[in-house]
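Morning, everyone. Let me put the model up, and then we'll walk through it.

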Amino acid sequence: MFVTVITVHRGQSQAQQIEAPTIKDCLVAWAGRLVVEGMTDDAQTRLRGKMADFDQPPVEGFRHLWRFQSDLGLGGEPDAKIYVIETIRM
């Protein structure tokens with residue numbers, strides 16, 4: 001599976017493309033690459049653990065789009081929006 005992950009957090013956005021066997025694997029890889037202000041190694045480890053447990057279905061009506069919010073392992077309110085789109089590789 002090849003996905004594009006768009007992260008919007010505190011007015012900043014990032015887009016990354018990741019290839020892995022499953023959506024969970026893609027999200028764990030994304031969490032390992034993500035860099036946001038205030039993120040420590042512990043926060044990144046927490047985020048990777050949360051992504052390893054990801055079990056949300058795609059957005060209703062879309063087979064290849066997931067949308068969710070996260071605290072990005074930083075604690076506090078889940079103020080980051082994450083969009084995951086399965087992408088066709090050319």
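Start with the sheet. Four strands, open, in the order β2-β1-β4-β3, with antiparallel pairing. This is a predicted model, so keep that in mind throughout. At the edges sit β2 and β3, each pairing on one side only. On average, neighbouring strands are turned by 15 degrees against each other, direction ignored.

Now β4. Six bridges join β4 to β1, and the two run antiparallel. Six bridges also join β4 to β3, again antiparallel. Look at isoleucine 82 in β4. Threonine 7 stands opposite isoleucine 82. What else does isoleucine 82 touch, beyond four places in sequence? The list includes Val5, Ile6, Trp30, Trp66 and Leu72.

Next, the helix on the sheet. α1 packs there, touching β1, β2, β3 and β4. The direction of α1 makes about 130 degrees with that of β2. Which residues of α1 are buried? Ile23, Cys26, Leu27, Val28, Trp30 and Ala31. The cover over these buried residues includes the strands β1, β2, β3 and β4, and also α2.

The largest nonpolar core has 23 residues. Those with the most contacts inside it are Leu27, Trp30, Leu47, Met51, Leu72, Ile82 and Val84. Five elements each supply at least two residues: β1, α1, α2, β3 and β4. The largest share comes from α1, with six residues.

Over to β3. Trp66, Phe68 and Ser70 are on the covered face. Leu65, Arg67 and Gln69 are on the uncovered one.

Stay with phenylalanine 68 for the aromatics. The count is one aromatic pair. The partners are phenylalanine 54 and phenylalanine 68, with ring centres 5.0 Å apart and planes at 50 degrees.

Now a polar residue, aspartate 71. Find it in the loop between β3 and β4. Is aspartate 71 buried or exposed? Buried, because its relative accessibility is 12%, and the cut-off is under 20%. What does its side chain reach? There is a polar contact with the side chain of lysine 50, at 2.9 Å. A polar atom of the aspartate 71 side chain also lies 2.8 Å from the backbone nitrogen of glycine 73. Setting aside neighbours within four places in sequence, aspartate 71 is in contact with Lys50, Gly76, Glu77 and Pro78.

Last stop, alanine 43 in helix α2. Alanine 43 counts as buried because its relative accessibility is 1%. Beyond its neighbours within four places, alanine 43 is in contact with Leu72, Gly73 and Leu74. Recall that Leu72 is among the core residues with the most contacts. One distance to finish: the C-alpha atoms of alanine 43 and serine 13 are separated by 19 Å, and the two residues are 30 apart along the chain.

That's the tour. Over to you.

Conventions
Residues numbered from 1 in each chain as written. Predicted model: local features only at pLDDT ≥ 70, side-chain atom pairs only at ≥ 80, totals over all residues. Heavy atoms only, no water. Core = buried A, V, L, I, M, F, W, Y, C linked by side-chain atoms within 4.5 Å. Buried < 20%, exposed > 50% of the residue type's maximum accessible area, 1.4 Å probe, protein only. Contact = heavy atoms within 4.5 Å. Pairing = 2+ DSSP bridges. Polar contact = N/O pair within 3.5 Å; in protein donor to acceptor, adjacent residues only side chain to side chain. Phe/Tyr/Trp six-rings, centres within 6.5 Å; stacked < 30°, edge-to-face > 60°. Axes fitted to C-alpha atoms, helices over the stretch in contact; angles between N-to-C directions.
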